Amino acid sequence: MSGEWFTASAPGKFVVLGEHSVVYGKPAVVLATDRRITCSVRRSRRNTLNGDYLDFSRQPHFNYLTRDMNHCLDFLTVSEIPSGSGMGSSAALSAALALAIRSERGEFPTELFLVEEAYGAELHAQGNGSPMDASACVHGGGIAINVDDGGKELWTISRNNRTWKVTDIDVPKLSFVIGNTGIKAPTGPQVDKVRRYMNRNGFAADIIDEMGDVTMEGYDALRKGDCERLGRLMTHDHKLLSILGVSCKELNTLVNASLPYSYGAKLTGSGGGGCMVALTDRPEKVAEIIESRGGTPYIIRSGSEGVRMEAGVAKGTPMEIPMTR
Ligand code: PMV
């Protein structure tokens, strides 16, 4: 006997500025995208994922989010977000799953509860990190972390002596193009790489501090709609991320190819592969250039709604579940 389906969806995200340094409590600016993950759950006799037996030991997100569950569930997951690419597939999966699972239990969770669930699932899967992705995928729109002025405060999350104050920001009317290298790079190893670098190299902390300053200045430029300044800061941030060792040849190729037609460009997300983002007023041209260099372009419509319930059941190609450490 199977129960009724409960379906929820959540948006992906891209980081305008602040990935990696946000793990150390520095500021960040993130926008939700129009690509979503949709998850359906229903009560069942056994646990299944997209029609196959679900092995919880191989699926840390599912494992964490059902940790206090005493009945079995069927799960369906459909995604428009490439996995392991820095576009928030793991946080969007966690946010949509958390809402669908709690709704199936007759609960009405708050945004903060869902952020804590999604962040917990992310930490369980990747070992270390900030609540930035979980906050962006739950809340949608635009968020900033640890900026002192502007925006409505949403929540504050603390862990391991770090604190992240999350605020809602107005979504800027700027045009961004994502370029996917097609190289899958899970988040955990990239975050670990920066941590090891911080532990053995005295000046790594200076790079992280500088990234924090660049992000604060970029946030100011974004609020003033100053594309030239924001673009310059994004490109500068890409150089700092490269010094930390999280860029790669393919990301640099797409960033460099976009720059003549953009205000600025950088990797977005954890790097090592995955995606870059360009700020431009010539999105079609940048998309064409990215494609000509072997990348897959997406012209981004930013500011999508956060996690929400959906009618019916998830339909489409079953999602490739994000890689884990
Ligand atoms: O690559 P993504 O989408 O998982 O983004 C990770 C962002 C980091 O700052 C590198 C890690 C984090 O938890 O904040």
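1. Ground rules. Residues are numbered from 1 along each chain as its sequence is written. In this predicted model, local features need pLDDT of at least 70 and side-chain atom pairs count only at pLDDT 80 or more, while totals for chains, interfaces and linings use all residues; side-chain values use heavy atoms, with hydrogens and water left out.

2. The core. The largest nonpolar core has 97 residues. Such a core is a set of buried Ala, Val, Leu, Ile, Met, Phe, Trp, Tyr and Cys residues joined through side-chain atoms within 4.5 Å. Buried means under 20% relative accessible area, exposed over 50%, and partly exposed in between (1.4 Å probe, protein chains only). Val16, Phe75, Phe176 and Leu230 have the most contacts inside this core. Helix H2 (residues 89–104) supplies its largest share, 10 residues. Helices (H or I, at least four residues) and strands (E, at least two) are DSSP runs, numbered from the N terminus.

3. Phe176. Contact means heavy atoms within 4.5 Å. Leaving aside neighbours within four places in sequence, Phe176 touches Phe14, Val16, Leu31, Met234, Val277, Ala278, Leu279, Tyr298, Ile299 and Ile300.

4. Helix H5. This helix (residues 187–200) has 14 residues. Its first and last C-alpha atoms are 21 Å apart, close to the 20 Å expected at 1.5 Å a residue. The expected span is 1.5 Å times one less than the number of residues. Buried in H5 are Gly188, Gln190, Val191, Asp192, Val194 and Tyr197. The buried residues of H5 pack against helices H3 (111–126), H6 (204–223) and H7 (227–244).

5. Aromatic pairs. The whole structure has four. Rings of Phe, Tyr and Trp (its six-membered ring) pair if their centres lie within 6.5 Å; planes under 30 degrees apart count as stacked, over 60 as edge-to-face and the rest as tilted. Phe62 and Phe75 have ring centres 5.0 Å apart and planes at 90°, so they are edge-to-face. Phe62 is in helix H1 (residues 60–65) and Phe75 in strand E5 (residues 72–79), so the pair ties together parts 13 residues apart in sequence. Both Phe62 and Phe75 are buried. Tyr197 and Phe203 are also edge-to-face, with centres 6.4 Å apart and planes at 80°. Tyr197 is buried at 11% relative accessibility, whereas Phe203 is partly exposed at 40%.

6. Charges over rings. The test is NZ of Lys or CZ of Arg within 6 Å of the ring centre and within 35 degrees of the ring normal. Arg67 lies over the face of Tyr64, 4.1 Å from the ring centre. Lys285 lies over the face of Tyr261 at 5.2 Å.

7. Salt bridges. The structure holds 21. Each is a side-chain nitrogen of Lys or Arg within 4 Å of a carboxyl oxygen of Asp or Glu. Asp34 bridges to Arg301, with the closest N and O atoms 3.2 Å apart. That pair links distant parts of the chain, 267 residues apart: Asp34 is in strand E2 (residues 28–44), and Arg301 is in the loop between strands E12 (296–300) and E13 (308–310). Asp34 is partly exposed at 26%; Arg301 is exposed at 60%.

8. Arg42 bridges to Asp74 at 2.9 Å between the closest N and O atoms. Arg42 lies in strand E2 and Asp74 in strand E5, so the bridge joins parts 32 residues apart in sequence. Asp74 is buried at 8%. A network of salt bridges links Arg67, Asp68, Arg102, Arg105, Glu107 and Glu117.
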